[in-house]
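Here is a walk through a model, taken a piece at a time. Have the viewer open and turn things around as you read.

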Amino acid sequence: MSSVTQIAPTPVAPVVTRPTRRRRVRKAAWNLLGVIVFLVMVFPVYWMIATAFKPGHDILSYTPQWIPTHPTLSNFHDATHMPFFWDAAKNSLIVVSIVVALSLVLAFLAALALAKFRFYGRRPFIVLILGVQMVPLAALIIPLYIMMSRLNDVKGVNHVLGVDKLGGVIAMYLTFVLPFAVWTLRGFLLGVPKELEESAMVDGTTRFGAFVRILLPLVGPGLVATSIFAFIQAWNEFIIAYVFLHTPQKQTLMVWLASFTTLRGTDWGPLMAGATLCSLPVIVFFLLVQRRIAFGLTAGAVKG
Amino acid sequence: MAEIQFIHVSKVYGGDTPAVRDLNLEVNEGEFVVLVGPSGCGKTTALRMVAGLEEITEGEIRIGDRVVNDLPPRERDIAMVFQNYALYPHKSVYENLAFGLRMRKVPKAEQKRRVEEIARVLGLGEMLNRRPAQLSGGQRQRVAMGRAIVREPKAFLMDEPLSNLDAKLRVQMRAEIARIQQALKVTTVYVTHDQVEAMTMGDRVAVMRDGKLQQVDTTQRLYDAPANLFVASFVGSPPMNLFEAGVRRDNGRLLCRVGDSQFELPADLAAARPALGEYAGRRIAVGIRPEDVREASGWDGARLRGRILLVESLGSEQLVHIEIAAAPLERSDLVDIAAQPPGPSLGVGELEQAVTLLGRFDRHLLLSPGEAVEVAIDPRLLHFFDLETGVAVPSAVDAPVAAGVAG
């Protein structure tokens with residue numbers, strides 16, 4: 001009983017030096033672990049880029065060549081001159097831009113409703129949004145394919161939706177981008193004090209005007225995070241595109257990349273060059289928008 | 001500028017929680033009215049209903065000669081200052097000030113002229129390009145005020161605009177807001193839970209409790225003639241002393257019994273409050289302001305014997321807690337509980353029923369805890385309230401607008 005109230009003895013001088021050394025060792029260990037993780041993550045990317053610049057015999061050599069000694073651009077030339085590369089690039093861009101744009105608009109409006117209005121069934125809806133993200137995609141592919149293929153016969157929508165239509169793939173992508181986007185944006189919207197829109201409304205805007213003029217700029221970081229997520233998801237997606245798009249002219253870049261692997265083997269050089277090219281847009285997009293994520297814009301709205 | 005009228009206004013949340021009950025209040029043109037009351041009394045809801053941020057369940061609100069019940073906030077031509085200022089964080093001070101003008105399609109040049117003038121008046125001239133995050137609390141408060149003023153609205157609505165400031169700045173801004181309001185003569189409704197703020201700022205003060213308006217009057221009348229026990233206990237700092245007493249008629253004279261001492265209620269008092277006679281033979285609630293409690297030597301009036309519990313020196317005077325024999329009020333639901341002094345100290349109370357009487361005494365009196373003391377009370381300065389309803393016993397001279405606390 002009495003031990004509970006005991007106060008720890010003040011450390012004496014020699015004890016003080018030991019923790020600093022131990023702390024330094026521990027810090028070094030963590031740093032080492034960090035470097036290892038970094039290398040593991042970066043190596044495949046490096047290997048992809050390095051391979052893209054190697055001539056064919058260097059790629060298949062049994063002594064690994066860490067740095068391309070005879071760098072060449074021929075792989076890139078081969079890749080971009082493969083059939084359907086530009087079709088695939090165009091298709092990917094169409095799919096990605098529509099998915100990003102639609103998901104931002106729809107997710108913002110849905111998140112607005114969830115964060116700012118009370119309505120019947122709001123709570124089940126929120127639970128549903130969380131729940132659908134737990135369903136494995138692979139389990140859905142066949143039912144979705146059957147559903148989509150039936151849409152091919154429905155007059156009016158079969159210009160846009162259906163199997164072997166970019167619209168069908170876009171709709172599929174939205175089904176798994178939207179729940180996440182709505183959830184993320186809702187969190188950002190909840191962080192904006194409601195007095196800001198109220199103040200805007202008193203100042204002379206409509207309710208919707210307050211959303212657009214005040215809330216929208218304030219959830220900028222959330223929109224950026226969401227758009228990056230949507231971009232990466234739609235750009236990198238393979239299975240759905242592979243299953244749903246049959247005609248080579250309609251395939252996306254990821255499906256096109258798979259065409260390097262044939263029954264007669266894999267053409268590694270052009271494949272790696274193609275993969276390098278395919279990863280560029282994601283990196284560029286991320287670099288363009290990432291600076292807006294960093295800081296919270298709501299600072300100073302209300303008493304800090 | 002316009003007057004604001006609440007006509008039988010009620011607000012019910014979620015079907016069964018009444019926030020405001022049958023509120024009738026008129027704020028005249030150019031008048032500064034403060035809504036005050038403990039938290040949850042409905043004052044903010046009332047204000048938000050004027051702004052259009054809260055739907056009106058029943059009744060009517062008029063601004064000027066328009067019924068605004070169904071008008072969206074932007075068409076009511078009012079400006080509101082929020083407790084947390086609600087400055088737009090992604091806009092500069094200039095843009096914050098100009099936002100309302102821009103929304104109302106005021107020409108650019110006119111916007112600039114008005115914003116710059118307001119900024120100069122409020123001492124924000126140097127900060128027009130800053131973001132709210134780069135301002136101090138006081139400066140943010142000024143921007144929030146400026147944003148309301150620059151619009152030249154029909155009325156200002158202020159929702160506890162000072163409660164986020166530290167004590168010194170609050171006193172300073174209090175005076176500043178009152179001065180601005182007097183200069184502009186704009187109808188203002190100001191909500192606060194701080195009765196000192198309410199007393200010092202408003203032309204009139206409306207005291208609310210549990211969604212019901214208790215009393216509306218000038219500060220002085222509110223202090224001198226509280227309509228019921230709640231107002232009596234809420235208004236004034238330190239609060240009014242309240243306790244129970246017995247009233248008895250003896251040979252035509254009215255006698256009042258507090259604890260074991262008894263004194264006569266003078267004939268002029270009984271004449272001024274004829275209803276007091278009806279309490280003969282019954283119990284009544286009695287109140288006295290701390291400044292009307294005097295150390296007995298040199299003063300006339302009824303004597304009460306007590307013992308000093310605590311002496312708080314305030315520099316200019318001293319606040320003395322005196323334990324006297326008297327029955328405390330049983331109905332604590334009729335008073336503002338937060339304002340009641342703590343009960344008699346533990347252990348030392350050999351008195352059966354004791355209440356703590358607060359007295360504001362001259363600073364030169366030498367008093368120390370534990371001492372016995374005799375206080376003098378002028379019966380004419382006493383306040384009388386019904387024990388059941390809490391309503392003040394009406395005075396024949398000018399009957400205050402009485403409103404029962406309960407029900």
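We'll start with chain A and its domains, then move to a helix and a hairpin in chain B. Keep in mind that this is a predicted model.

Take chain A as a whole to begin with. Its secondary structure comes to 13 helices and 2 strands. Of its 304 residues, 30% are buried. If you look at the contacts in chain A with a separation of 6 or more, 71% of them are between residues 24 or more positions apart.

The domain assignment gives chain A a domain 1 (22-72) and a domain 2 (83-302). Taken over C-alpha atoms, the centres of these two domains of chain A are 32 Å apart. Where they touch, domain 1 of chain A puts in 7 residues and domain 2 of chain A puts in 6 residues. On the domain 1 side, the elements that give two or more residues are helix H1 (13-52) and helix H2 (56-59) of chain A. H1(A) has the largest share of that side, with 4 residues.

Over to chain B, and to helix H4 (residues 137-149).

What about its surroundings? H4(B) is largely enclosed by the rest of the structure, because 10 of its 13 residues are buried. "Buried" here takes 20 or more other C-beta atoms within 10 Å of a residue's own. The buried residues run from B:Arg140 through B:Gln141, B:Arg142, B:Val143, B:Ala144, B:Met145, B:Gly146, B:Arg147 and B:Ala148 to B:Ile149. What lies over them? The cover includes helices H2 (93-103), H3 (108-121) and H5 (167-184) of chain B, along with strands S6 (78-81) and S7 (155-159) of chain B.

Last stop, still in chain B: a pair of strands. S12 (residues 253-258) and S13 (residues 261-265) of chain B pair in the antiparallel sense, over 5 bridges. To find the pairing in your viewer, look for B:Leu255, which stands opposite B:Glu264 in S13(B). Together S12(B) and S13(B) form a hairpin with 2 residues between them. In that turn sits B:Gly259, with a positive phi of about 60°.

Methods:
Residues are numbered from 1 along each chain as its sequence is written. Chains are lettered from A and ligands numbered from 1 in the order in which they are written. This is a predicted model: local features need pLDDT of at least 70, side-chain atom pairs count only at pLDDT 80 or more; totals for chains, interfaces and linings use all residues. A residue is buried if 20 or more other C-beta atoms lie within 10 Å of its own, exposed if 12 or fewer, and partly exposed in between; C-beta atoms are placed from the backbone. Two residues are in contact if their C-beta atoms, placed from the backbone, lie within 7 Å. The expected span of a helix is 1.5 Å times one less than its number of residues. Domain bounds come from an automatic or database domain assignment. Two strands pair if DSSP finds at least two bridges between them.
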